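Please open the model in a viewer and keep the sequence panel beside it.

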Amino acid sequence: MPPHLAIVGLGEAHFRRWLKLFRATVRHICPPDVAALFMNRALRIAHSFRLAVAFSRGETTIGIEPIAENDL
């Protein structure tokens with residue numbers, strides 16, 4: 001987590017881009033059921049990281065909703 005917190009301007013757009021790239025990768029190399037498991041975990045991790053980034057900046061986390069795969 002610390003390296004991520006040091007990135008100035010890290011925001012939701014970056015997490016969405018990473019999730020899209022990750023999804024494309026797991027869909028390419030994994031069977032669908034395994035890809036879904038990996039993607040579910042990635043979405044949870046992204047949400048946790050987004051909360052941690054906001055908290056570390058002293059921002060409110062109240063409005064931070066998880067990114068849904070369908071919204072990518």
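The stops that follow begin with the whole chain and then turn to individual elements and residues.

**The whole chain**

Begin with everything displayed as a cartoon, bearing in mind that this is a predicted model. The protein contains three helices and zero strands, and its pattern along the sequence reads α-α-α. Along the principal axes, the C-alpha atoms fill a box of roughly 40 × 25 × 15 Å. Of the 72 residues, 25% count as buried. Consider next the contacts between residues at least 6 apart in sequence: 58% of them join residues at least 24 apart.

**Helix 2 and helix 3**

Select residues 12-29, which form helix 2, and residues 32-56, which form helix 3. Two packed helices are described by the angle between their axes and the distance between the axes. Here the axes of helix 2 and helix 3 come within 10 Å and cross at roughly 165°. Angles over 145 degrees count as roughly antiparallel, and therefore helix 2 is roughly antiparallel to helix 3. The crossing of the two helices, helix 2 and helix 3, is right-handed.

Now show the side chains where these helices meet. On the side of helix 2, select Glu 12, Phe 15, Trp 18, Leu 19, Phe 22, Arg 23, Val 26 and Arg 27. Facing them from helix 3 are Ala 35, Phe 38, Met 39, Ala 42, Leu 43, Ala 46, Phe 49 and Arg 50.

**The largest nonpolar core**

Which residues make up the largest nonpolar core? Select Leu 10, Phe 15, Leu 19, Met 39, Ala 42, Leu 43, Ala 46, Val 53, Ile 67 and Leu 72, ten residues in all. Helix 2 and helix 3 are the elements that give two or more residues to this core. Helix 3 gives the most, with five residues. In soluble globular proteins, nonpolar side chains tend to be buried together.

Leu 43 touches Leu 19, Ile 67, Ala 68 and Glu 69, when residues up to four places away in sequence are not counted. Val 53 lies in helix 3. Its relative accessible area is 4%, so Val 53 is buried. With residues up to four places away again left out, Val 53 touches Leu 5 and Leu 10. For a view across the sequence, display Met 1 together with Val 53: they are 52 residues apart in sequence, yet 8.8 Å apart in space, C-alpha to C-alpha.

Draw a distance from its side chain to Glu 65: a polar atom of the Arg 50 side chain lies 2.8 Å from the backbone oxygen of Glu 65. Leaving aside neighbours within four places in sequence, Arg 50 is in contact with Glu 12, Phe 15, Ile 64, Glu 65, Pro 66 and Ile 67.

His 47 also has its place in helix 3. His 47 is buried, with a relative accessible area of 18%. Beyond its neighbours within four places in sequence, the contacts of His 47 are Ile 64, Glu 65 and Pro 66.

Select Thr 61, found in the segment after helix 3. Thr 61 has a relative accessible area of 29% and is partly exposed. Apart from neighbours within four places in sequence, Thr 61 is in contact with Leu 51, Ala 54 and Phe 55. To relate this stop to the previous one, display the C-alpha atoms of Thr 61 and Arg 50; these residues are eleven apart along the chain, and their C-alpha atoms are separated by 8.7 Å.

Finish at Asn 40, in helix 3. With a relative accessible area of 40%, Asn 40 is partly exposed.

Methods. Residues numbered from 1 in each chain as written. Predicted model: local features only at pLDDT ≥ 70, side-chain atom pairs only at ≥ 80, totals over all residues. Heavy atoms only, no water. Core = buried A, V, L, I, M, F, W, Y, C linked by side-chain atoms within 4.5 Å. Buried < 20%, exposed > 50% of the residue type's maximum accessible area, 1.4 Å probe, protein only. Helix = DSSP H or I, 4+ residues; strand = E, 2+ residues; numbered from the N terminus. Contact = heavy atoms within 4.5 Å. Polar contact = N/O pair within 3.5 Å; in protein donor to acceptor, adjacent residues only side chain to side chain. Axes fitted to C-alpha atoms, helices over the stretch in contact; angles between N-to-C directions. Parallel < 35°, antiparallel > 145°, perpendicular 65-115°, else oblique. Left-handed = near helix turned anticlockwise from the far one by under 90°.
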